[in-house]
Amino acid sequence: MKKTIVALAALSATAGVFAQSSVSIYGTLDASVAYVKNPADNTGKSATYLNDSAISTSRWGMRGSEDLGGGLKANFNLESDVNMGTGANNPAGMFRRSAYVSLASEQYGELRLGRATSVAVGHVVSGGIVLPSNAMHGTMLIGAGLVPDFFVANAITYISPSMSGLRASLQYAPGEQAGDSSAGSSAHAALKYQGSNFTLGGAYVNVEESTAGADDGRKWYTVDGTITLGQVKLGAAYYDVNHGAGAITASKVDNQGYILNASYQLDPKVTLFAGLIKSLQDSSAVSLQARYALSKRTTVYAVVNRADNGKEGVNFIPMYIDAAKGVADAKQTGVAFGVIHSF
């Protein structure tokens, strides 16, 4: 009898330990039918696509957490792309979006070790944009020549706790080159203040040259804010990008610009959105969107994008799609009807 009681007690204790750990699978899937005029040139031709990620990037991942006691947790995150047209993940790697472990405390913040989204890019997604959308932040980052900064390999990331509404994020990736500790390294930072109905913030990135004398690094920053007025949300951001002389090409130049956008909650299910990206290098992009929530996890949408690019090297894309390229001195239009499901 005593052995039975001891065994039951041990089993109960073991169950308690397991109850402190959790692992979940999550994801977002975005597929649409898209029409694009001048998808990759200025010939006036058009094409229809089964598009992936017009609004939200299609992805899936696994995350887990273990309660270590005393307010400390151990976390992990693995996240992969999935192409809704082909079913393939990204050639850059299965978990190229995220692959880290971390220790987190509500009091002291979180320290992550491993590949992760740039904290600066993560800030840009919603820093001055009231309705996150690849048609806005994706278009801006691609046009500004910042695709290499989307994700950071070998990253050491610190996310502070919220301090009276203020949160800071810091990230460093060593270049891992013997004899030159700065070569190929990068530093990313973001700061955001959350008020009662507004946000203010900014982000900064410094990527060192790949080797001594290459002068192929870059520096960029953003300042931004949003405000909510009843059913209306307004957002604005300014960005400034400087590439090293060794990185400058016909389609990658120093550039500055701003983003203006607004959303209106027509009713609990319907959201309308309009956004403008204006480069001071004579290019612009406009996005008009309507979203209808079928449930908390499923939304249908319609989006119309227009890219009007100049000749100064900043080329915005007409649709977030592999086949669509920003074309200099051209007007490009994209229209998509799609569905997003999250799990």
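This is a predicted model: local features need pLDDT of at least 70, side-chain atom pairs count only at pLDDT 80 or more; totals for chains, interfaces and linings use all residues.
Local features need pLDDT of at least 70, side-chain atom pairs count only at pLDDT 80 or more, and totals for chains, interfaces and linings use all residues. Residues are numbered from 1 along each chain as its sequence is written, and side-chain values use heavy atoms, with hydrogens and water left out.

Helices (H or I, at least four residues) and strands (E, at least two) are DSSP runs, numbered from the N terminus. Two strands pair if DSSP finds at least two bridges between them. Strand β3 (residues 59-69) pairs with strand β4 (residues 72-81) in the antiparallel sense. Ten bridges join them. Ser65 has Asn75 in β4 as its bridge partner. The hairpin of β3 and β4 has two residues between the strands, and Gly70 takes a positive phi near 65° there. β4 also pairs with strand β5 (residues 98-105), again antiparallel, over eight bridges. Here Leu78 stands opposite Ala99 in β5.

Further along, strand β10 (residues 186-194) runs antiparallel to β11, and nine bridges join the two. They form a hairpin with three residues between them. Ser186 stands opposite Val207 in β11. β11 pairs with β12 as well, in the antiparallel sense, over ten bridges. Tyr204 faces Tyr221 of β12 across this pairing. Burial is judged by relative accessible area: buried means under 20%, exposed over 50%, and partly exposed in between (1.4 Å probe, protein chains only). Seven of the ten residues of β11 are buried, so the strand is largely enclosed by the rest of the structure.

A nonpolar core is a set of buried Ala, Val, Leu, Ile, Met, Phe, Trp, Tyr and Cys residues joined through side-chain atoms within 4.5 Å. The largest such core has 31 residues. Met140, Leu141, Trp220, Tyr239, Ile259, Ile277 and Phe316 touch the most other members. At least two core residues come from each of α2 (119-127), α3 (134-143), β11 (198-207), β13 and β15 (270-279). In soluble globular proteins, nonpolar side chains tend to be buried together.

Contact means heavy atoms within 4.5 Å. Not counting residues up to four places away in sequence, Ile277 touches residues including Ala135, Met136, Met140, Tyr239, Ile259 and Phe316. In α2, the residues Val119, Ala120, Val121, His123, Val124 and Gly127 are buried. At the start of α2, a side-chain oxygen of Ser118 reaches to within 3.1 Å of the backbone nitrogen of Ala120.

The structure holds four aromatic pairs. Rings of Phe, Tyr and Trp (its six-membered ring) pair if their centres lie within 6.5 Å; planes under 30 degrees apart count as stacked, over 60 as edge-to-face and the rest as tilted. Phe150 and Phe151 form an edge-to-face pair, at 6.4 Å centre to centre and 75° between the planes. Phe150 is buried, at a relative accessible area of 15%. Phe151 is buried too, at 12%. The rings of Tyr221 and Tyr238 have centres 6.4 Å apart and planes at 50°, so this pair is tilted. The pair links distant parts of the chain, 17 residues apart: Tyr221 lies in strand β12 (residues 218-229) and Tyr238 in strand β13 (residues 232-243). Tyr221 is partly exposed because its relative accessibility is 34%. Tyr238, at 30%, is also partly exposed.

Phe150 sits in the loop between α3 and β7 (151-152). Leaving aside neighbours within four places in sequence, Phe150 is in contact with Thr117, Ser118, Val121, Leu141, Ile142 and Tyr320. Its C-alpha atom is separated by 22 Å from that of Ala214, 64 residues apart along the chain.

Ser58 occupies the loop between β2 (46-52) and β3. Its relative accessibility is 1%, so Ser58 counts as buried. A polar contact is a pair of N or O atoms within 3.5 Å; within protein, one must be able to donate a hydrogen and the other to accept it, and residues adjacent in sequence count only if both atoms are side-chain atoms. The side chain of Ser58 makes such a contact with the side chain of Asp52, at 2.8 Å. Beyond its neighbours within four places in sequence, Ser58 is in contact with residues including Thr28, Leu29, Asp81 and Met84.
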